[in-house]
Amino acid sequence: MTLRTIISVLVATFVFVAISSSAEAAGRVTIPEPAKGKGDQCVADTSFMRKNHPSLLKHQRDDTLRKGIRGNEFSLKECVACHAVDGKDAKPVTYENPEHFCRTCHAYVAVKLDCFECHASTPDKKRQANELPKKHPPTNVLSSWRDLSAQTCEGG
Amino acid sequence: MSCGNSCNSNTTSRRGFLTSMAASAAGATAGLTLAPGVTLFSPAQARARGKGEAASSKVRWGMLVDANKCDDGCTACVDACADENGWQGEGNPATDAQWIRKVKVTDPGTGKSQSLPMMCQHCEEPPCVDVCPTGASMKRADGIVLVDKHSCIGCRYCMMACPYQARSFVHEPVSGQRTHAPRGKGTVESCTFCVHRVDEGQQPACVEACGGTKRGALTFGDLNDSESEISKKIATYPTQAIRSDLGLKPGVRYLGLDT
């Protein structure tokens, strides 16, 4: 057997095992059914969005962060706001929850996003007074501006 | 009148008067409401770019810190920043997030001390950008120095290169971020001049909060516009960059430093 065949066989087995185990759990492979967003339509044609959202997001990301372009349609903040899905407590579910819009299809296609390690996965809400930060960094005490550079080394 | 300490000339023209009024009203918004529905915006500080318009190098954002108006013990700017950007200290200075902090400098000769906020100085020649191996540390066209966290690998070279100790590293997983300020484990972060607000024509949260305490020690604006409040102050008073010996040309300048 060539290396290539070995790899194909391995991959095929892996895919088979993966599919059959999730199929076992669900009875069969369940087709994702993402909740409909708010309003009548998405920021672009639905089928176009299904296919192209990864690259749209990537471009918007660079445009916004690096060039400072705001207000264009493919904003992650806006996807999250318009595609919010309420949980049992009537509050929008976070990305922890498999019902989150951005998870519905991805499990099926074996995509795992890291976006929500940084990005909020629910729309902004007004923070309550008891959620406000309480601790702030201690005052640095210096006798010269040159000491600034040495600060963390001394402290930590 | 709250305008008193921010009027910067004795021969106040009508326009200058309105401008400084607007500036001291910036505690609440960037503009002054003259009558219901009639809002005055001071010319230079608060123009939101249009939708889809990129930041331009015609603008150079800067901040002026007036040391004479900053009080030891006041942390309004730090608290406002933490709230706006969703970070918080955990009581561990060695690893805590530090977008902005208070610094107290005591002149060993005279014993006189001053209290000031310290944050990213948004250098024109930023050493953090020079040392970044992935291009994540970057300077926007309008001079705002940022971390593009999408390409930050968390190596922390930039933290070591920064003479102001202005950057910090996220050591723990984060939850409950603000939608406009994504932040997460394994990346470096620092003051963004509240880029999300500035792009909407607003002032950074710290500037607004300092104005709200009636101290008005912070002025934000376009250094390239000679008509802006910050440019006029810099043209009138002796101001200083901290560690100007390094030649980094910071966008943050200080007024009234003894040291």
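Residues are numbered from 1 along each chain as its sequence is written, while chains are lettered from A and ligands numbered from 1 in the order in which they are written. Because the model is predicted, local features need pLDDT of at least 70 and side-chain atom pairs count only at pLDDT 80 or more, while totals for chains, interfaces and linings use all residues; side-chain values use heavy atoms, with hydrogens and water left out.

## The two chains

Let us begin with secondary structure, where helices (H or I, at least four residues) and strands (E, at least two) are DSSP runs numbered from the N terminus. Chain A has six helices and one strand, arranged from the N terminus as α-α-α-α-α-β-α. Chain B has seven helices and twelve strands.

Buried means under 20% relative accessible area, exposed means over 50%, and partly exposed is in between (1.4 Å probe, protein chains only). Of the 156 residues of chain A, 21% are buried; in chain B, buried residues make up 53% of 259. Accessible areas come from the Shrake-Rupley method with a 1.4 Å probe, and for residues only the protein chains shown count as cover. Chain A exposes about 11,300 Å², with 59% supplied by carbon and sulfur atoms, and chain B has about 10,800 Å², with 52% from carbon and sulfur.

A contact means heavy atoms within 4.5 Å. Among contacts with a separation of 6 or more, residues 24 or more positions apart account for 45% in chain A and 59% in chain B.

## Cores and a surface patch

A nonpolar core is a set of buried Ala, Val, Leu, Ile, Met, Phe, Trp, Tyr and Cys residues joined through side-chain atoms within 4.5 Å. The largest one has 54 residues, and A:W145, B:M63 and B:Y164 have the most contacts inside it. Its largest share, four residues, comes from helix 2 (residues 76-85) of chain B. A second, separate core has five residues, including A:L76, A:V80, A:Y95 and A:F116.

Leaving aside residues up to four places away in sequence, B:Y164 touches A:L148 as well as several chain B residues, among them B:R101, B:M118, B:I242 and B:R243. B:R243 has a positive phi of about 55° although it is not a glycine, and B:R243 is buried at 12% relative accessible area. B:Q165 also has a positive phi, about 50°, and is not a glycine; B:Q165 sits in the loop between helix 4 (157-161) and strand 8 (168-169) of chain B.

On the surface, A:I31, A:Y108, A:V109 and A:V111 form a nonpolar patch with about 370 Å² of accessible area together. Patches are made of residues with over 30% relative accessible area and no salt bridge, with like charges joined within 9 Å and nonpolar side chains (Val, Leu, Ile, Met, Phe, Trp, Tyr) within 5 Å. A:V109 is partly exposed, at 48%.

## Helix 2 of chain B

Seven of the ten residues of helix 2 of chain B are buried, so this helix is largely enclosed by the rest of the structure. Its cover includes strand 4 (100-106), strand 5 (113-119), helix 5 (195-198), helix 6 (205-212) and strand 10 (218-222) of chain B. The helix is followed by B:G86, with a positive phi near 70°.

## Salt bridges

A salt bridge is a side-chain nitrogen of Lys or Arg within 4 Å of a carboxyl oxygen of Asp or Glu. The count over all chains is 20, and here are three of them.

| Pair | N to O distance |
|---|---|
| B:K104 and B:D72 | 3.2 Å |
| B:D83 and B:R178 | 3.9 Å |
| B:E189 and B:R183 | 2.7 Å |

B:D83 lies in helix 2 and B:R178 in the loop between strand 8 and strand 9 (188-189) of chain B, so the pair ties together parts 95 residues apart in sequence. B:E189 is buried at 1% relative accessible area, and B:R183 is buried at 7%. Salt bridges that share partners also join A:R70, B:R49, B:R140, B:D142 and B:D199 into one network.

## Cysteines
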